[in-house]
Amino acid sequence: MADSRKFIENLSGAGKSIGVLTSGGDAQGMNAAVRAVVRMGIYVGAKVYFVHEGYQGMVDGGDNIKEASWESVSSMLQVGGTVIGSARCKDFRTHEGRLRAALNLVQRGITNLCVIGGDGSLTGANLFREEWSGLLDELVQSGQITEEASQTHSTLHIVGMVGSIDNDFCGTDMTIGTDSALHRIIEVVDAIMTTAQSHQRTFVLEVMGRHCGYLALVSALACGADWVLIPEMPPKDGWEEQMCHKLSENRADKKRLNIIIVAEGAIDHNNKPITTDLIKDLVVRCLGFDTRVTILGHVQRGGTPSAFDRILASRMGVEAVLALLEASPGTPACVVSLCGNQAVRVPLMECVQMTQEVQKAMDEKRFEEAVKLRGRSFENNLNTYKLLSHRKFDTEFPNSSFNVAVLNVGAPAAGMNAAVRSAIRVGITEGHTMFAVSDGFEGFYKGQIKEIKWGDVGGWTGQGGSLLGTKRTLPAKHIDKIAEQMSIHNINALLVIGGFEAYLGLMELQAARSKHTELCVPMVMVPATVSNNIPGSDLSIGADTALNAITDTCDRIKQSASGTKRRVFIIETMGGYCGYLATVGGLAAGADAAYIYEEPFDIRDLQSNVEHLTEKMKTSIQRGLVLRNENCSENYTTDFIYQLYTEEGKGVFDCRKNVLGHMQQGGAPSPFDRNFGTKIAAKAMQWISKKLKEFYREGRVFANTEDSACLLGMRRRALVFQPVVQLKDETDFVHRIPKEQWWLRLRPLMKILAKYKTSYDVSDAGQLEHIVRPRAKDSSAI
């Protein structure tokens, strides 16, 4: 069979010119996208031009349109906003303005545009594309360009990337800047919580989102807010009493503070605005609570981009160049985006139309439809929030409630507590009695099991580490005692949140079912480990927080290296044998190389990396960053690589080394990990409820099938329950990693962006997909 794969080597940009511009409101991560477009464009042999100040620069021409070089995008990755400037442009809205823009592009031979902005900017780009041939005809008639130039530049190709902190664009799961904006909001909320706690205050926070409640909704999920108001879901009549009742109920439950989050575009059912002052007055009047208002404003747009936004923007920038290279005259303008963790291309106008339909639905008070049009991700966030926001006990279960135990296993990972809180509260809502096990399987066999109530997990989302306590102990040696404890406490189901030991533990429990009927209960595992090395899941809770810790440290180290000049840093990351943190951290921090176990390397590779850095020191970028996974090689240790680089780089550069260690496991969880932990644990709990109903026979629960011991993982675009037995073949048990890992496909990107020639399989690059209209309930998305 012929090899149908496509490789980057066969795609040439020679003779092509690409213009890159940022337009509309700025968003963190735009610079990472610009950097990726420039470097990928130059890599394939195209010329790339910066268009400064958005469309205004395109209309004004002159020095606003400048050719970019490899070095001109150095040090941009960690900078917020947009370095090439952005402006709202009235001129481009006029025909005359677009005519001048067309002339400026043709004079420089630019017929490929990469536009990074919101829906307004992308709609403008599409109109420009549709008018292109007419504009060229006018320019020929007025003698400003020749007929030949008009023929040569007859088609304008456009690829968009959505840069918008509001995440208000349909057809994309996440827009560039959203995750960073959530970081800013959560930093503020965490800081406010300590002062509110001290004074027993109520805080009303206004976050951005004129037409979209995404930031408000997700930050409410991520900090466990008492109440949230968003434009897509106006509160029902009588909400004022309901809200005040909930606030006073929470205070009665020993909670010393209340947080209310309001999107700036929040409205009631009559489309009247709900302002922060209105809420403050309401709380003061009804409850007499000491209430303060904080409006976050432009803080949300600022600051350094998060690791997620840098990776998202870098992947999308590379994908945008591929889309431009593959475009033919009939290809519609497209947007590159992420769906799950997969790059996709969607027709630009389909996205814009859908985005406009959301607004129309809201204007016409069709709010449920507006939520559906926003997409699966938004809808699932909303459903999870609703699930966690009130204690309802309309249990469908016979006679008594079931007993469900939750435990953490393995090393601590940020976001574990958010998952535990979510599981406990969803379990209580579904009518179960929830038990918390301290210190993993070790605590289990020692009987450290106690009932845990709704109020016991208040304020857990923002806490790092594991509040239940976690251990690496496996259950097999203590299986008799564990079975005995299951019997004593009458445990009917188990939720295990943890890393590779949790996965092994679940397998051992399942294997022991034949000897111990007490273990014949539904069991599910949710992956939580910084190493992201669990088979059956593309991501695990804690990995995003660890990536941000690595990225922050690398930023500081790069700054130090830039000051001293001619310095290379060797940085060791965690991960066991899994190279996820080193690779993806390398992509987010702009590393020159990342050594990992999955991609064997030898002395020749080390030598070529040293030579590459020697060349780099001759340019204006006189610093280097090399990441090494802790177990990438038995003999090429961090010390060895440091000594080799020091010796080989004598007279050209000097070296320093840094072992990041356990700081990668600590710290407050990132918004992504809080949200992911909350959603995935809620879904696991709902599965447990379903299985308990399924396996309840004659007054007892008996589950002995393969599919009653599952791992809940994120696979490409959905959350999937997979029997652990079936994951055995996908696992390398010696090195504790999955045999196939999706992120290895990102390694060529890291190398390309660091100026290495490499082979890159682009057959997996996004195919053009159409936007699917919202169907009946699909709850597998995350």
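I began with a strand pairing: Leu229 has Val262 as its bridge partner in S8. Helices (H or I, at least four residues) and strands (E, at least two) are DSSP runs numbered from the N terminus. I noted that this is a predicted model, where local features need pLDDT of at least 70, side-chain atom pairs count only at pLDDT 80 or more, and totals for chains, interfaces and linings use all residues. Residues are numbered from 1 along each chain as its sequence is written, and side-chain values use heavy atoms, with hydrogens and water left out.

I then looked up the neighbours of S8. Strand S7 (residues 227–229) runs parallel to S8, with three bridges between them. Strand S6 (residues 202–207) is also parallel to S8 and is joined by six bridges. There, Leu205 pairs with Ile261. Two strands pair if DSSP finds at least two bridges between them.

Is S8 buried or exposed? Six of the six residues of S8 (residues 258–263) are buried, so the strand is largely enclosed by the rest of the structure. Buried means under 20% relative accessible area (1.4 Å probe, protein chains only). In a regular strand the side chains alternate between the two faces of the sheet. I checked each side: Asn258, Ile260 and Val262 are buried on one, and Ile259, Ile261 and Ala263 on the other.

Last, I took the whole protein. I found 23 helices and 27 strands. Buried residues are 62% of the 782. The C-alpha atoms fill a box of roughly 90 × 70 × 55 Å along the principal axes.

Conventions:
Buried < 20%, exposed > 50% of the residue type's maximum accessible area, 1.4 Å probe, protein only.
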